[in-house]
Structure formats: C-alpha cells, structure tokens
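Please keep the sequence and the structure in view while reading.

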Amino acid sequence: MIKEHRFIANFMKYKFLLNQLVNRDIKVKYRNSVLGIFWSFLEPLLTMVIMTIIFAFIFKRDIPNFPVYYLIGRVAYMLFSSGTSGAMKSIIGNASIIKSVYVPKYLYAVSSVLSAFVIFLMSLIILVAVMIATHVNFTILMIFASLPIIILLILTVGIGLILATATVFFRDIEHLYGIFTMLLMYASALFYPASIIPQKYQIILTINPLYAIIECLRSVLLDGVLYNPSTLMFAAVFAIVSLVVGMGMFYKYQNKFLLYL
Amino acid sequence: MKIVGEVVINVENVGMQYNLNKEKVDNLKEYVIKFLKRELKYNKFWAVKGVSFQVEKGDKFGIVGLNGAGKSTLLKMISGVIKPTEGNIEIVGNIVPLLELGSGFDPEYTGRENIYLKGSMLGYSKEYLDEKMEEIIDFSEIDEFIDIPLKNYSTGMTSRLAFSIATTVRPKIMILDEVLSVGDAKFKEKSEERMKSMLDEDVTVLYVSHGIASVREVCDKAIWLENGHMVMQGPVDDVCDKYEEWVFSNEKVIITQSEPAKEQIKVPVDQVISISFNEFIKEGESFWIDLMDSAGEKFPITKIIKDNKLFIKPEKELENGTDYRVLLHTGCVTDLKDNMISHYVIPFTTITE
C-alpha cells in the first residue's frame, strides 16, 4: 500500500510535471490567437455585456447590478464546468503517455482542474474591475469570498476525479456530461433571480451545491452581507464527500485504466 | 565501477491477471443491459505468474520468450505502468523506459517546450533539464527549428528529438525494446554509437528483443519466459542456448533458399520455417520479416537468426493446403527515399503430411 511519505515524495518529484501540464493546457488553449491570454479577460467581459443587454434591458429583470450578479455566477460556473470536463477527458487524452511512462495518473486530472482555476483567477480581475466600475462597496467581509472559492475548487477536483474514472470505462459519459453542464447552468440561476423559480421547484436550487457557492459569493461580494453559514456548510460537505468518493474511486480503479485505454 | 550485489530491481513472486471481457463493453447502455441479464462474462488469465528475479546494479538483463509469453507485461509492471495483481516489485533509482519514444509530445508545442514536457514526465526537474537543454538540442541536430511547433517537424526530426531526450538524461535503469537507432543513415550511426556507449556504462539495462543474437550481444544475464512462467534464469548464453534448443526442438527444415524463390514450396503445417539468407542480407543491415496468409493478413510469428539462417515459427498452426508468403525486407527503415530497401517474396503452400 502507498505510504504517506512516498506519496509526498512522489508529489515533490512530479511537481514540475504538474506545472508543465497546467502550463500546457493554458498555452495550447490560447496559442495562435492574436490576443492570447487576454481572451480569459475578454471572454467573460463580452458575455457579460451580451447577457446584460439581453436580460437587464430587453427582458427587464429586476436585478440590481446585473453585470456583477451575472459575472459572479459565470466565473464560478465556468471553473466548475471547464475544470470537471477537462479532468473527465484527461485520462483518455493522455492515453499514449499513460501506456508508456509511469506518472501518478491523478496528476493529469488535477492539472486540468488547476488550469481551469488559473483562468478563473484571471477572470476574477475582470470581476473586480467591473465591481469598481459599477461602484460596488468594497467591505472587509469580502475576504470571506475565499471560503466558497476553496470549496468550489475541492468540489471541482472531486467531481473531476469521479468523471475521469468513470469515463475511462464508459465513454458515453463524455457526451452525456455536455448536456448535464448545460442543465446545471440553467439550474444555477446565473442570469435570473432565484425568486422567479416557483416555490415547489426551489428544491432544485437548494440541493445544487454550485448554486449554494454562487449564492455565498454574491452575498459577500455584491450585497456586502455575510452568507448564511448553513448554505456554505452544505456546499462544503457536498464538496468533501465528492472529493473522498472521487479519490476512492480513482485510487481503486486506476490500475485498470490501462486495459480500457 | 560495478558494485557487486547491489540489487536495483527486486521482483518477488509477481503475477498479473487480466480480466478480459469476452466482448468489449464500453458504453453504459450495453453494460446495464448485460449486467441485468447477467451476461457480463470475463476471461480470466494470468499473463505473468510467480515470477521472481533480482537485477543488480550494472547488469544487462535480457528477457527472452515467444510472443505472448508475458515479456511486455513484465516490462510494464517493472516500469510501473501497470500494477501487478500479486507480488512485489522494488526499484532503486529512476527508470526510463525507451519504449514508444514519441509518446507524450504535444504537437502544438515547440521542440524546446516538448523537451520540458517529456523531461518532466520522465521525472526530471526544471534545473536538470535546463542544464541538459543544449546537449539535447545539439545531439538531435534540430538547431534552428527548436522553437517552432512540433507539428511542423518531419517524422525523422521528431524521432531524433525523442531519442535525444531519452538518452541525454542518463537514467540509472533503462528499459529497452530492441536496440534503438533512428533517423537517416548518418544519424542512425550516431544514435547506435550512443546506445553502445550507454550500454558500456554502469547503467542497468532491461532488454527485450526477438533477436536472440542481439540479446547475447547486449546482455550478460537473462530470463526465459514461457506462458507467463519463468522457465529459467542465469547467464545469458546458458539461457539462450536452452531457449533456442527448445524453439527448434520440433524443427524440420522446410525452406532452404539462397535466392528469392520463383516457384511454390510445399510446407507441412506447424513447422519452424528456416530460410538461408546470407546471400541477400549484408552484414549489419537491418531487416524485418512478415508471414502473410493468402488474404494478405499478417500471420504472427517468432523469428530467430542462427548460423546465417533465419527461422520463423508461426504462433498458430498454419492451415492445410493454403498459400502463404514470406516477405523479407532489408535495408535501413528510414532510408525509404534512397531506394535502399530490398524486398523479397518467398511464396509457399502448406501440405498435409
């Protein structure tokens, strides 16, 4: 069995590889585009403009500071969806190297999540810029935004590991998951107020950990009030359970990957 | 200097069991249906079973056996790519497998970036790779193209780069599948020289080859695997002698051709086929050989050279009264353009005894 010290020694040995894999994901994504990495700023900004025009002016939803409202939801959703789908494809995508050189396989999945996280951190810069532009009151409470972000990262790694493992055995999941993330986007109240959902369907938002995280972020960043600790707690428990399940599944089945790649 | 007795690879009673689905079920719908109907059947078989041996520092260790004897499974377990079902493998030092050299490259990445990427996969640090960077680029002769994306490289350039990375970072333990040489004639010579110099050093080598002659040349110790079990281990010549004796135990010489054949030759089934080839293979030339059935499909064979004769042993029994062809190509693989490859076709027909 793997002892802890060996695990850490291994991690130190492959730290540079992790760095390389994260770098590659980001570099290759923006290679050959004139604006390069600036797209990670531009993309959320432009979508925000479009969504603001559609939902704040055309449909006239009554959301105060729609641009920030939308942007918070979007950056969180993008971290989750691009991180998990990246992790999902990471084992299959690196099949040829997995077959020939031993590298701890979880690095491929984790690096995909981390590269999504780097992009997320950059889009936070745009979020802050838009918050300044729309005169949001900056308060000390905003440091509490770090907790839901950490929970979101844990959740993404956990779900990513589950998907990475399952997809090796059942390739259908790749196609299914695209539909699921779209569903998740609509079920996370990114561009509409949560209140428009009828009372009997509110359960969809209540059980959605991603929405819980977005709600927490919105209350500290936009409303300037501390979130309900129980909402955060629910997301945290969900995230930790998925991480434990994900690690367990990955660890249990990783030795069989090779037979299915 | 070789330190006698320092064990760097300790393989202890290792076994690998494959659970192969009778049919490949890789989508959820099929899986659920088969699961509900309880139709998920597995073929369990041991690819390797009860193998134990030790490799000491500086050993050149050969593994011989027919196709499917478990050689690659064993190598994969030692390199850590797959985990044995039972038993234990202990490794002291870093292992660099020189198999599938080009894997791990990213076509969108430049040559230089790929050196970092592949190097990091082999477990090297940035500092170490920085230090070796110039040497890797120099040896690969990529020079001014090192900063353009790999997708614009020729096949030769890619394999030169791959070879250069794998051999410039000096591993403690190397896993080799045939002695490598890549590139055009000039680079081939250079790469062979480097392989030889690496083999002369204190590096520990695990070597698998179909050519018994090259195992004898490269290795000093060997094990012989058959059906996943270890038949014998010891000094390379002892093991190879016994192995060859066993392979040829049911040999009746079938074809003795000094020239490429013009007419059909009758061959009984399940025989080792021997071909004298000294007339058309020059010293030091590489060659490869295929047995084709009448439909033009490759038939799995084991090939051995002994005393200027080439022996091929079909892995399955040949069919009676069927036409087969032996295709022999000689020359340098990468010299396709220079018309340096010669092709020989030897047709024959199997007969009932």
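## Strand pairing in chain B

Two strands are said to pair if DSSP finds at least two bridges between them. In general, the strands of a sheet pair through backbone hydrogen bonds, in either a parallel or an antiparallel way. The model described here is a predicted one, and in it strand 3 of chain B is joined to strand 7 (residues 204–208) of chain B by 4 bridges, the two strands running parallel. Strand 3 of chain B also pairs with strand 8 (residues 221–226) of chain B, again in the parallel sense and over 4 bridges.

## Is strand 3 buried or exposed?

In strand 3 (residues 60–64) of chain B, 5 of the 5 residues are buried, so the strand is largely enclosed by the rest of the structure. B:K60, B:G62 and B:V64 point one way from the strand, whereas B:F61 and B:I63 point the other way, and all of them are buried.

For chain B as a whole, 34% of its 353 residues count as buried, and the chain has 8 helices and 17 strands. Among the contacts in chain B that link residues at least 6 apart in sequence, 68% join residues at least 24 apart.

## Where chain B touches chain A

In the contact between the two chains, 26 residues of chain B meet 22 residues of chain A. Helix 1 (28–36) and helix 3 (111–121) of chain B each supply at least two residues of the side of chain B that touches chain A, and helix 3 of chain B gives the most, with 4 residues. By class, the residues on this side of chain B divide into 12 nonpolar, 8 polar and 6 charged.

## Two packed helices in chain A

Two packed helices are described by the angle between their axes and by the distance between those axes. Helix 6 (residues 106–133) and helix 7 (residues 146–169) of chain A pack at an angle of about 140 degrees, with axes 10 Å apart, which means that helix 6 of chain A is oblique to helix 7 of chain A. Their crossing is right-handed.

Helix 6 of chain A contributes A:Y106, A:A109, A:V110, A:S112, A:V113 and A:F117 to the contact, and helix 7 of chain A contributes A:L153, A:T156, A:V157, A:G160, A:L161 and A:A164. Sorted by class, this contact has 9 nonpolar, 3 polar and no charged residues.

A:V75 lies in helix 4 (residues 66–93) of chain A and is buried, with 24 other C-beta atoms within 10 Å. Apart from its neighbours within four places in sequence, A:V75 is in contact with A:P44, A:F120, A:S123, A:L124 and A:L127. A:V75 and A:I214 are 139 residues apart in sequence, and their C-alpha atoms are 9.3 Å apart in space.

Most residues other than glycine have a negative phi. A:A189, in the loop between helix 8 (172–186) and helix 9 (203–206) of chain A, has a positive phi near 50 degrees, and counts as buried because it has 22 C-beta neighbours inside 10 Å. B:D143, in the loop between helix 4 (126–140) and helix 5 (155–168) of chain B, has a positive phi near 45 degrees, but B:D143 is exposed, with 9 other C-beta atoms within 10 Å.

Conventions
Residues numbered from 1 in each chain as written. Chains lettered and ligands numbered in written order. Predicted model: local features only at pLDDT ≥ 70, side-chain atom pairs only at ≥ 80, totals over all residues. Axes fitted to C-alpha atoms, helices over the stretch in contact; angles between N-to-C directions. Parallel < 35°, antiparallel > 145°, perpendicular 65-115°, else oblique. Left-handed = near helix turned anticlockwise from the far one by under 90°. Contact = placed C-beta atoms within 7 Å. Nonpolar A, V, L, I, M, F, W, Y, C, P; charged D, E, K, R; others polar. Buried ≥ 20, exposed ≤ 12 C-beta atoms within 10 Å, placed from the backbone.
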